[in-house]
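Here are my notes on the model you sent over. Have the structure open while you go through the points.

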Amino acid sequence: MSTRANIKVVDDTTTLWFYRHNDGNPETTLPVLTQFMRWMINGRIRTNASQSSGWLIALGMQEHGTGTEPNGDWRIGTIEPTDGQHADINYLYTVDTAKQEIRVEAVDMQRGLWSLKHIKI
């Protein structure tokens, strides 16, 4: 069974939500998010949530092996937009573009959130 996760990309004024397909464990999700954050830090993409988040979807397409045309798979990649936090996730990743950090929280719907990692890139 896959590990469910949401990714929240935030800046000072905006919050955008994404769903992570396949393996949402930190071991597989953090390398993708770290690459995304490094592009911002190195000036390759914008540092606000709205203009940078398309690249997060592109990284998910690359990871999934999706081309530029629909190929019969209903997903665009391993990361897709969603309208908020899902109720059945195991992990919540927050990518703060203003603070240039990534937070990982494990989710237990009975006990709430608890922090696992706080990474300053």
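1. A word on what you're looking at. This is a predicted model, in which local features need pLDDT of at least 70, side-chain atom pairs count only at pLDDT 80 or more, and totals for chains, interfaces and linings use all residues. Numbering starts from 1 along each chain as its sequence is written, and side-chain values use heavy atoms, with hydrogens and water left out.

2. Strand 2 also pairs with strand 3 (residues 79-82), in the antiparallel sense and over four bridges. Look for W17 there: its bridge partner in strand 3 is T82.

3. Overall, the protein chain has two helices and six strands, in the order β-β-α-α-β-β-β-β. Helices (H or I, at least four residues) and strands (E, at least two) are DSSP runs, numbered from the N terminus. Of the 121 residues, 45% count as buried, meaning under 20% relative accessible area, with exposed over 50% and partly exposed in between (1.4 Å probe, protein chains only).

4. Helix 1 (residues 26-41) has 16 residues and spans 21 Å from first C-alpha to last, close to the 22 Å expected; that expectation is 1.5 Å times one less than the number of residues. Its buried residues include L30, L33, F36, M37 and M40. Just after the helix, G43 has a positive phi of about 80 degrees.

5. How do the axes of helix 1 and helix 2 (residues 49-64) cross? They come within 10 Å and cross at roughly 140 degrees, which makes helix 1 oblique to helix 2. Axes are lines fitted to C-alpha atoms over the stretch in contact, with angles from 0 to 180 degrees between N-to-C directions; under 35 degrees is roughly parallel, over 145 roughly antiparallel, 65 to 115 roughly perpendicular, and the rest oblique.

6. One backbone spot to check is Q100, a residue other than glycine with a positive phi, near 55 degrees. Most residues other than glycine have a negative phi. Q100 lies in the loop between strand 4 (91-96) and strand 5 (101-108), and counts as partly exposed because its relative accessibility is 27%.

Key. Two strands pair if DSSP finds at least two bridges between them.
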